[in-house]
Amino acid sequence: MITIALSKGRLLKSFLDYLEQNGHPRWHGALKAAQRELLVEAEGIRFLLVKGDDVPTYVEEGIAELGITGSDILAEYGADVNELLELPFGHCHFALASKEELPDYRTIATKYVNYSRSVFDRSEKPVKIIKLNGSVELAAVIGMADAIVDIVQSGDTLRMNGLEERVRLDPINARLIANKHAFFTKSAEIRAFINELRVG
Amino acid sequence: MITIALSKGRLLKSFLDYLEQNGHPRWHGALKAAQRELLVEAEGIRFLLVKGDDVPTYVEEGIAELGITGSDILAEYGADVNELLELPFGHCHFALASKEELPDYRTIATKYVNYSRSVFDRSEKPVKIIKLNGSVELAAVIGMADAIVDIVQSGDTLRMNGLEERVRLDPINARLIANKHAFFTKSAEIRAFINELRVG
Amino acid sequence: MITIALSKGRLLKSFLDYLEQNGHPRWHGALKAAQRELLVEAEGIRFLLVKGDDVPTYVEEGIAELGITGSDILAEYGADVNELLELPFGHCHFALASKEELPDYRTIATKYVNYSRSVFDRSEKPVKIIKLNGSVELAAVIGMADAIVDIVQSGDTLRMNGLEERVRLDPINARLIANKHAFFTKSAEIRAFINELRVG
Amino acid sequence: MITIALSKGRLLKSFLDYLEQNGHPRWHGALKAAQRELLVEAEGIRFLLVKGDDVPTYVEEGIAELGITGSDILAEYGADVNELLELPFGHCHFALASKEELPDYRTIATKYVNYSRSVFDRSEKPVKIIKLNGSVELAAVIGMADAIVDIVQSGDTLRMNGLEERVRLDPINARLIANKHAFFTKSAEIRAFINELRVG
Amino acid sequence: MTSFIYNPALIRQKQMEIEFLSFFHGHGFDIIDLPVVESFDWHGMTEDDLRLMPQRETWIQDGTVHALRHDWTNSIVRYLNKYKIDAERAVYSGPVFHSGNETKQLGMEVFSDRTPEQQESLGLLIGFMDDRFGGLPKTAVISHYALLPTILGERILEPAIRRALSQRSESALKQLLGDHPLPALLGDRPEAQVHKLRSEFPEIGPVLEELTGWEETLRQSGIEAVYPDITALPSQSYYDGVFIRLYGEGRTAPVASGGQYTARKKAFGMGIFY
Amino acid sequence: MTSFIYNPALIRQKQMEIEFLSFFHGHGFDIIDLPVVESFDWHGMTEDDLRLMPQRETWIQDGTVHALRHDWTNSIVRYLNKYKIDAERAVYSGPVFHSGNETKQLGMEVFSDRTPEQQESLGLLIGFMDDRFGGLPKTAVISHYALLPTILGERILEPAIRRALSQRSESALKQLLGDHPLPALLGDRPEAQVHKLRSEFPEIGPVLEELTGWEETLRQSGIEAVYPDITALPSQSYYDGVFIRLYGEGRTAPVASGGQYTARKKAFGMGIFY
Amino acid sequence: MTSFIYNPALIRQKQMEIEFLSFFHGHGFDIIDLPVVESFDWHGMTEDDLRLMPQRETWIQDGTVHALRHDWTNSIVRYLNKYKIDAERAVYSGPVFHSGNETKQLGMEVFSDRTPEQQESLGLLIGFMDDRFGGLPKTAVISHYALLPTILGERILEPAIRRALSQRSESALKQLLGDHPLPALLGDRPEAQVHKLRSEFPEIGPVLEELTGWEETLRQSGIEAVYPDITALPSQSYYDGVFIRLYGEGRTAPVASGGQYTARKKAFGMGIFY
Amino acid sequence: MTSFIYNPALIRQKQMEIEFLSFFHGHGFDIIDLPVVESFDWHGMTEDDLRLMPQRETWIQDGTVHALRHDWTNSIVRYLNKYKIDAERAVYSGPVFHSGNETKQLGMEVFSDRTPEQQESLGLLIGFMDDRFGGLPKTAVISHYALLPTILGERILEPAIRRALSQRSESALKQLLGDHPLPALLGDRPEAQVHKLRSEFPEIGPVLEELTGWEETLRQSGIEAVYPDITALPSQSYYDGVFIRLYGEGRTAPVASGGQYTARKKAFGMGIFY
């Protein structure tokens, strides 16, 4: 028996599509059927459906041996886990977006404080960062910040809010992470899951 | 012109119902029509639709003069704002819930860390609190925590996860908050909004 | 057997005079005979001849049950001892002295840093204090400090250096101090010594 | 005009002997004549007679451009001065002394806390150090410490107290120190003094 | 946190600082300076000191608590409680630190209990702001810390009531105070509140008189809108009289604030944060 | 400061610790543990907390004051004032830190106001010391913190008098208290002091009765010399009854000390420092 | 954070501690103690010290950095680099502090470079765990810090590679190392990895020999599953040989860990955290 | 420590500050500002940072080391190593803190490796001092940090030699260096030292050329006495070229100091402490 923490929402949809396209009908069926359940068991695997931010916590603490979450979350929170594999779904990217193009963006609103800090550090520019938990675009719309740093998939949300992507930052995809110790103590089960996933 | 930050989601729905029942067709119409916009203007009022957690930030910073959010958020984050009025909607309550009744709950998972700490302090019991950002029920289901502290409206979520409310904690409702300084400098507009809201 | 730490130098001379005048020939004889010995035993009493600054240390640590030292030392170092009695010898006083009379003394050189601080605090005046270990008068002579705070007996040292006493500060005399715990556990011997000393 | 801080006491005597033997009658005469004066002027040189511990302070602060003090003082207090020359007088040495020879000395009483710490660090042995201001030998005599670290000249003081030198530590001699900045700004005067002293 | 600013604004800021000091110096104010780092003995800390500590940048050194200056008046009060000074009026400028952020404060103090002198200094400050510091403030909020103790008596010490007052929570005050006229007042226009207060509590007449005097000063200085704030509670216990906040056009944070306090004797001080 | 001790004594010390815990556990005491690092909110610090801080190893972290445990009873009092506990008797062991030095403390607490139960626990402690911890103490000093408030009234709050009392300074007390009978008592043999007190201040009879009871307990436990200490002042305000110090032969520091205190309810605790 | 535990488990814990010390003392280990608070001169801090600081409870006192003990072996290494000791084997117990949390550590050190002696001590530890400390560990993970430097050469110093190694990230290692055989190995069963390593890198034969010796010791001690970990990087640079982690049934955190290190001379130490 | 200064001097000091900034601003220097409180990640601290820490007012907050600004050039170097800037010349003023004492520093930096530009800025500084800041310095001491590495080679890294050099200890250098010509040079007049150096070490000709150029600048600015300092060691490793100290009449502490350094690229800066 192995426990896997899955990020709910956008990433779960992407995972379900992948499963469907790659022939894992039973996992797909079980997860698809889950309405608001948070715990789904299928073929000797226990899936925990949790908030993306919490996936690393579940894995780090050993509640789950494996986890699937976005590289954005890992970039931001830097969990102490084994980041085994990049997965071929959940693609999107980080972007810096603003209402108007500016020579310098001095104030940034974002959910991704650490990531944004590292981006501006890399470009060797000082910046003030405002942490928001949601609706980050609004901060740029109403002038609370010069720009935002956020995840962009289709770009629709930006457009709807009259913002434009100014700098395309790092790509994002799904990652398979493992608890540092379970990586060894459950190595057979983990390897089995990886093989299953890959072969499709 | 006055700016009001509104908590999206559950509370916004409750607010819309209230507006409808109390005859504010234009505000109701404008807010209802907003699909994924974050900024809605109606009759000289600018509504910002933001995450509940962010409402106090917008008001404290003066981006919005007024805000409507749940008392759960205020209890947890203790913003430096004027908490003018309790509003007659958005009712629910905090609860402690668990799979089994226990003599003592030593480990608690919750999104509301500060509130939970104060509850256990009041009852003079030491406790370990685990912060989760979502799907808090799961922590009790899989035994990561003895119990959870969360908001309960209908109780359906608890039941669906096999949990039961053990202790009914403080009631929650919507609150009208004001920026500490705008309370004076925009006192006429604020008073007008309150009157409008009340009389219905 | 009881051990008594005695301050060497000025205070020891004063003590010897007192013993002579008040009829303690044997103590007087034994101490007088001590050339450079640091340890003198006489009639069941062990005298330690130590630097005045060290007397409180010996008593606080319990190496000696009693100690005789000047109140200047106690005022400066504030040892955790029982300060049983004022003794009728070792009289002198603290003074503030300077080359010229000034409306304000902003820089003070002294061996007695804590005491000087408290004097200026009492008079509610800010001051800069320079710690010197000896020849404090020199600091005032060469203008390193506006004034000095030091012990004055005859005033000869001041005069020789062209300084004058400006403010007569607290009086100083010898004190009998006791280790806080030995005060009880050796109470009979301590009481005997005090009686002997007093009656003369 | 140049100002030189001289260590009073043992070292001053040694300096006077040196001056006498090497033909500096006027300096010798002026310093010899000084009874309890702290300030002596002779041939364009101003001598400050101060406590050995204070010499580095006078020089570091620039009150005196040059100073003569023992290397023991410099080893202990580590002043920020230019330590120009070793002088051919004031010879003695540091020693570890005790009543009985012991395999290990765990508790040391000394006036030279920093120096003692460095000695024991060099020999890679942990030790407890008690700071005393004077009569350090006594601590070994009465068993307050296993041994003492002190300056030894003839060894008479040790013998008189029944102690014996166990380890001969670093040699000590007089040093000529200069204020770091005056070293340049008064370089001609300093060089003249050195030449005078050397040629003798 | 690390900000490196080099732009023409900085020289204007420094010039402003020197103009401020010169202006008040020209009106008989002594220029004062105090250390950026303040130290506190554990046992000498007052309730006021302890209350402020969580907002300060603090550390412990040699058994005493060190903190960066948080507010000039606060430091001056502490100084006055320890040392005598000769100055009757003082002006200052320098950095202050709030929860790790560095800002600048300019301000002045009048060490006198004579109201006209205090009001004159307020006039000077507003005049300076009008001429050189971003223009005349548009709005003032004015309170008097003697009001609530009279109106509420001992109940003012209850934590729940203090919290409701500081949040202007009409709902909470109704629950806590029941029929007391105060909660209802909060629903009124600020201008009407003082009027009603006077009739409900005739004994606070003199305090309201004082308030009116200061309101007059503010209006004569050109400030258009002056609002009374009847539920204000002092942030530090030394503030015990009138307290004033000045706001610029469309700004929600005050550009200047200050009031009457007691540090051995009565005084009045105001500071500009920028 | 860095000491590395490896010798046979260490295993004996650890064995002693376990014997102590087992012994009291066998007599119905629960074994308790508390964190080495304690944290304090600035505004929640009491006068007692502040007074002790300069003697503690302290630092500031995340806006709260952190301190290493200084004394077990002190930590337990703070715990009892915050949380309810079920235990009626407790025993503990662990490191404590005084001004940067680490030592060990063993001790026990009785959370009951029944004197016989408290005295029984004292008997157990002395018994344990006699059997296994360096032998029977030779001397005890015993005081009662209700004595001085009755004898001196309000004057006990004056700092100068407190200092003179804590230093047993006959000279200073004479200057400060004039004709009051207290200074003269200090010149008497300790044994005679209680006697005279009783006749001078009949109202403290019951307190002296209590003292006598505890003295009896000490003597029955085999301690030969018991001295009353009439000028003792409590180091922390929760100590409000009998206080006892036990000394070994020829030692000037007590091997054990403790007494009655109040933390919500009456309790008694004693600790061994080594 | 404030936890007050009083229950029968505590006495068992204390008994366990004494049994552990006695057991190893009986096998010729000296019992050692070191201070809970460690102090560091700024300029004497090593890269290792600095790397660990963010995980420690730290403060600054008198110009030196103070930190609570984080790990016994770490403290012992620092001690050995400063002082000579006579002991050849040592055993210890006491609290350690990780990011503000207090836990306990039991452990032993062998100050000898003789592998059989080191392996004997490992056997003793596992034996003790089997008998008295929660039973025989089920799983061991074993690595050797000489492996990667040989396999990767200078590239082991690149931060990106170190991160990918420490995360066992097959994807990242492929990107960074291209054709190098290492990434592909990660997809194999752990048991197969050593086998392939030996054929790809014949020069690491002796290191793999050593590994096999230790694996043998572990198996003889009764541990069923022993996994090699070929990408392990040392947490502190003094670890330079074999490193072992032991796990209980169904547990994801190791119950014990430790390995070979150099502090002036070669040594071996393991600790139990609980 | 607590000093409260109110006197006419303060306004002059503030005016001086603004004049200094205006003067250099008028010569094309940007005015810059940096935070008073600097924060350091443990693992990002350089040898330079660690060496300076004991002289700074420091504390630990949220796992990072905080320190009050110690020296503007030091802060600017750290800034330049982290961020790009556009300014080519900068001027600053503000408080600095040495071992708990607060003083003020004024200064300027030229972010260019062109010596004439650097020398021009030095001329401006001396000109300003002559006109407005207490008059022309009387004495300059000038060194070049490329000298000793050439003269002594690797031996310059030996701690004993560094100490002897920094103390100008002829005796100690003789013991350590034996026949090397350096110790003997120290007994010469400073003016003669450079001369002899040139003949003993022809390879340092270009460095001495540079020194002479700067000496020329100093003399042309009106400074009468210029002394070379051949044994100077840099306080921080970024100083790698000429270094200059200026002294007033009869003063033993320099009124200004600074020199060439490298922070990504070559620069030159000097500061006035007062």
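Analyst: Two residues are in contact if their C-beta atoms, placed from the backbone, lie within 7 Å. By that criterion, in this predicted model, residues 24 or more positions apart account for 64% of the contacts in chain E with a separation of 6 or more.

The secondary structure of chain E comes to 10 helices and 12 strands. The chain has a radius of gyration of 20 Å, close to the 19 Å from the globule rule for 274 residues, so chain E is as compact as a globular protein of that length. Its C-alpha trace extends over about 55 × 45 × 40 Å along the principal axes. Buried residues are 44% of the 274 in chain E; a residue counts as buried if 20 or more other C-beta atoms lie within 10 Å of its own.

Within chain E, 3 strands make an open sheet, in the order 3-5-4, with antiparallel pairing. Strand 3 (37-40) and strand 4 (58-61) of chain E are the edge strands, and each of them pairs on one side only. From one strand to the next, the twist averages 30°. Strand 4 of chain E is joined to strand 5 (residues 64-68) of chain E by 4 bridges, and the two run antiparallel. At the residue level, E:Q61 stands opposite E:T64, which belongs to strand 5 of chain E.

Chain A holds 9 helices and 9 strands. For its 200 residues a compact globule would have a radius of gyration near 16 Å, and the 18 Å of chain A agrees with this. The C-alpha trace of chain A spans about 55 × 30 × 25 Å along its principal axes. Of the 200 residues in chain A, 44% are buried. Among the contacts in chain A with a separation of 6 or more, 66% are between residues 24 or more positions apart.

Two packed helices are described by the angle between their axes and the distance between the axes. Helix 1 (residues 10-21) of chain C packs against helix 2 (residues 25-33) of chain C at an angle of about 145°, and the axes are 8 Å apart. The crossing of helix 1 of chain C and helix 2 of chain C is left-handed. Helix 1 of chain C contributes C:L16, C:L19 and C:E20 to the contact, and helix 2 of chain C contributes C:W27, C:H28, C:L31 and C:K32. The residues of this contact between helix 1 and helix 2 of chain C comprise 4 nonpolar, 1 polar and 2 charged.

F:G250 sits in the loop between strand 10 (239-247) and strand 11 (256-263) of chain F. F:G250 counts as exposed because it has 11 C-beta neighbours inside 10 Å, and the limit for exposed is 12 or fewer. In sequence F:G250 is 112 residues from F:K138, while their C-alpha atoms are 8.7 Å apart in space.

Two chain pairs remain. Chain A and chain C have no contact between them, and their closest C-alpha atoms lie 41 Å apart. Chain B and chain H do not touch either, with 19 Å between their nearest C-alpha atoms.

Terms used:
Residues numbered from 1 in each chain as written. Chains lettered and ligands numbered in written order. Predicted model: local features only at pLDDT ≥ 70, side-chain atom pairs only at ≥ 80, totals over all residues. Pairing = 2+ DSSP bridges. Axes fitted to C-alpha atoms, helices over the stretch in contact; angles between N-to-C directions. Left-handed = near helix turned anticlockwise from the far one by under 90°. Nonpolar A, V, L, I, M, F, W, Y, C, P; charged D, E, K, R; others polar. Rg over C-alpha atoms; globule rule 2.2 N^0.38 Å.
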